[in-house]
Amino acid sequence: MLELRLVQGSLLKKVLEAIKDLVNDANFDCSATGFSLQAMDSSHVALVALLLRSEGFEHYRCDRNMSMGMNLNNMSKMLKCAGNDDIITLKADDGSDTVTFMFESPTQDKIADFEMKLMDIDSEHLGIPEAEYHAIVRMPSAEFARICKDLSSIGDTVVISVTKEGVKFSTRGDIGTANIVCRQNTTVDKPEEATIIEMTEPVTLTFALRYMNSFTKATPLSNTVTISLSSELPVVVEYKIAEMGYIRFYLAPKIEEDDEEAKS
Amino acid sequence: MLELRLVQGSLLKKVLEAIKDLVNDANFDCSATGFSLQAMDSSHVALVALLLRSEGFEHYRCDRNMSMGMNLNNMSKMLKCAGNDDIITLKADDGSDTVTFMFESPTQDKIADFEMKLMDIDSEHLGIPEAEYHAIVRMPSAEFARICKDLSSIGDTVVISVTKEGVKFSTRGDIGTANIVCRQNTTVDKPEEATIIEMTEPVTLTFALRYMNSFTKATPLSNTVTISLSSELPVVVEYKIAEMGYIRFYLAPKIEEDDEEAKS
Amino acid sequence: MLELRLVQGSLLKKVLEAIKDLVNDANFDCSATGFSLQAMDSSHVALVALLLRSEGFEHYRCDRNMSMGMNLNNMSKMLKCAGNDDIITLKADDGSDTVTFMFESPTQDKIADFEMKLMDIDSEHLGIPEAEYHAIVRMPSAEFARICKDLSSIGDTVVISVTKEGVKFSTRGDIGTANIVCRQNTTVDKPEEATIIEMTEPVTLTFALRYMNSFTKATPLSNTVTISLSSELPVVVEYKIAEMGYIRFYLAPKIEEDDEEAKS
C-alpha cells in the first residue's frame, strides 16, 4: 500500500512539466527514503534524476518498495487538472496495475480522483558516481534560461567557459556570433540573485543547446540553478526543490574537431 | 423603426462570444418585451435561448415585432470593433435589409457605425415547456468551466450524478478515469462562491463534453451557472445576465448501452 | 571607427520591431548628425525613413560617414537578446565587414557581444521634398492602431476623410461597411490623448489597410501619431521618438475608379 500526500501539490505539477518533454515513459520508484525517478531521454543522450524525500510529504506511507511505470504525458494531463493550491495524494494498492491521483481543493469543496493505468517499463538504474567538479556555477535560474533561449536564436551549440572572473556562454551560427559573460557577483539584495563560482581549474565545454533549453523547463521549481562542470564528465544542471530534494539533468559534452573555432 | 441603446455594450460582445461557435446563422427577435434569440446548433443537437429584456436597455424602441436574420460570425467581427466601455446602439429601419451597430466611446470622441446585411433564415420557434426538474445545481461558473475542460483531457462524455451531498462529474478514456465531486457548500464568503443543490430525487445523466465546453463560453457573462437535470429531459445550463435576462443552453442526455460502465 | 552608446536600448529594439516586417535588408547611415535609414518596402510601395539624432546617444563617435547594410530580421533576432533595461552599444571598425551589438545589464553583471556580418546593398537615397499638407491629424497612436486593425476585419482599404470637425475612417467589404469618426478634441487630461486637426482644405484619400497596419507596429515608440495628407501626395504617418528623432512611413494613395462608391 502506497499513500503519499503532498500539501504543495503544484510542486508535482511543475516536476512533470520539467521532464515530460524529455522523457516519454519512466518508472517512479518509491521507498522509505522517498519518491524518485531516473530516466534517459528518448534519444538516450541526456539523463534526468528526480528525488522527492519522504520528509517533504505531509503523509508518506510506503509499505514496501515499488516501481511504477508511467506515461509522463498522460500523467501530466491528469496533474494539469489539479488546481495550483490543491493537495495531491498519490495512492496505489500493492500489486495493483493502476495509480490514483487525488486532488483536494484548499476549502475541501471539491475532491477529484484520477486513476491511471501503470505500464511495464524495462529500465536499468544507473549508478551515478559522486564526482569532483572543476567548476561549479550557481546563478539565477531565470537568467540561465534566458541565456539558453537567446543563444538558440543564433546557434545550435553553446560553449561554456568558466574562469574565476565569470562564466561565458558562446555560440556561432549563420547570422553571426554571440558571447554572454556573467560575472561572479555576491553583493546582491537577495541571495538567489547571486552568481557564485567555485573553481579548482578553468573549464571549457560544448553542449547542444536543444537539451539545455529542455532542462530549463525546470526553472519554475527553483530560483537558482547549479551547473557543475569537469572536462570529460557530463555536466550536471541541478534545480533544488525546496525542502524536498532536487531534479538533476546530466548531459555529455560534445567533442568537436572545430571546438576551438567555436569558442570565438 | 428599431433602436436599442445598451450602455454596457460589453454585454452584447460577450453574448456573441458565447454563441457564435455553436450557431452560425440565427434570427434575433425584437418585441416590446425584449431582444431574444432561439436557435439550434449547426448539428441540431443543442438549443440556445437568449433573452435581453427591454428594461435593461437605456433606450428601447421597437415599433413593431421584427425578426432579423444575422450571420453570428460576421456580427461578432463587427462587435469586436466596439471598445469594452463603449455604448452600443442597434438600429434598423422597418423593412430594411440591413442593421446598423453604433459604438460610442465613453468620452464621445469616437463614434463608429457598422452596417451589416440581414439574411433570410428559416426557423421554427420551439415552445419550450416549463418543466419540473429533479435536481437543480447552482455553482460558480468558473468552477463548472474548469471541470468540463479538465474532464475533456481524459474522455469525451461526462456523467453528472446529483445526490444531496453533492454533484459528481465523471469521465473515462484511454488513459484512465476521472471523478470530480463538488460538495454542497453554502458557508462561503461571497454568495457567488456557493454550491447549492435543490433535489427531489437523485439523477444520473450522461452528456457529450464537446457541447458542455461550448456552453461554458458564456462564463464571462455570469459568476454562477445553474444546471437543471431530470431523467429523460434535456439538461438546462443557464447563465443569468445581470438585470437583463439570461442565456440558456439545452442538451439532450446520451442514451448509452454502456452507460453503467461509464459511471465508474 | 563607430561607437554609439544608447542608454535606453529598448528604443532600438522597438525601432527594429517597427520596420522589420516591412523591409528585409537596408543600409543604416551614420554621420555626425545621427543614425538614419531610408528604405522602400519589399514590394516597393511604401517608404520608411528613420532618424536617431546623435544628441540622443550617451556616447556618439562616428569618425567618418558609414553606410552599413544589414538584414533587419537577423538584426532583430540579435536585439531581442537584449534586456529591456539594457544599454546597447553599436560598434564597427572602419572598413570592417561586421558590426557588434553590445548589451550591458543595468547592474553590469551580464555583458553580451553579438557580432553580425554586414551586407552590400544597392540603394538610392531618395530626396523627400518638404511638402505642404492640406490636413495634418495628430491623435493617440493606440487609437489609430485600433482603428486600422478593426477596419481590416471588414475590408481591405481605408478611406480617410478630414474635415474641420474630425477625421473619418471608412471601409467596405463582403460583410458590410464601417465608418469610424474621431472628433477634434483638445480638452483632455493628458496632452497625448488629444485629437488635433490642422486643415487648409478637406481631403479624402484611399489607402491599402495592409500597409497602414504594418506602420502601426511603431505604436510602442510613441503615444501619438501624426498623419499628414494632401490630395495626390503620399500620406506621411509619423511616430516621434522622444528627444531623438522619428520614424516616418510614406504611402501613395490608391486611385480607384470606384472611389466614390467606397466612401460610403
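**Cysteines and salt bridges**

Start with Cys81(C): this residue is buried, at 6% relative accessible area. Keep in mind that we are looking at a predicted model.

Where is the closest cysteine sulfur to that of Cys81(C)? It sits in Cys148(A), 12 Å away. A disulfide needs the two sulfurs within 2.5 Å, so 12 Å is too far for a bond.

Next, Cys182(C). This one is also in no disulfide. Its nearest cysteine sulfur belongs to Cys148(C), 10 Å off. Cys182(C) is buried too, with a relative accessibility of 1%. And the whole structure? A search over all chains returns zero disulfides.

Now the charged pairs. Side chains of opposite charge can pair when their charged atoms come close. How many salt bridges are there over all chains? The count is 27.

Take chain A. Glu238(A) is buried, at 12%. It pairs with Lys240(A), with 2.7 Å between the closest N and O atoms. Glu238(A) also meets Arg248(A) in a salt bridge, N to O at 3.3 Å.

One more pair: Lys20(A) and Glu17(A), N to O at 3.7 Å. Buried or exposed, which is Lys20(A)? Buried, at 16% relative accessibility. Glu17(A) is partly exposed, at 29%.

This pair belongs to a network. Salt bridges with shared partners join Glu17(A), Lys20(A), Asp21(A) and Lys217(A).

Conventions:
Residues are numbered from 1 along each chain as its sequence is written. Chains are lettered from A and ligands numbered from 1 in the order in which they are written. This is a predicted model: local features need pLDDT of at least 70, side-chain atom pairs count only at pLDDT 80 or more; totals for chains, interfaces and linings use all residues. Side-chain values use heavy atoms; hydrogens and water are left out. Buried means under 20% relative accessible area, exposed over 50%, partly exposed in between (1.4 Å probe, protein chains only). A salt bridge is a side-chain nitrogen of Lys or Arg within 4 Å of a carboxyl oxygen of Asp or Glu.
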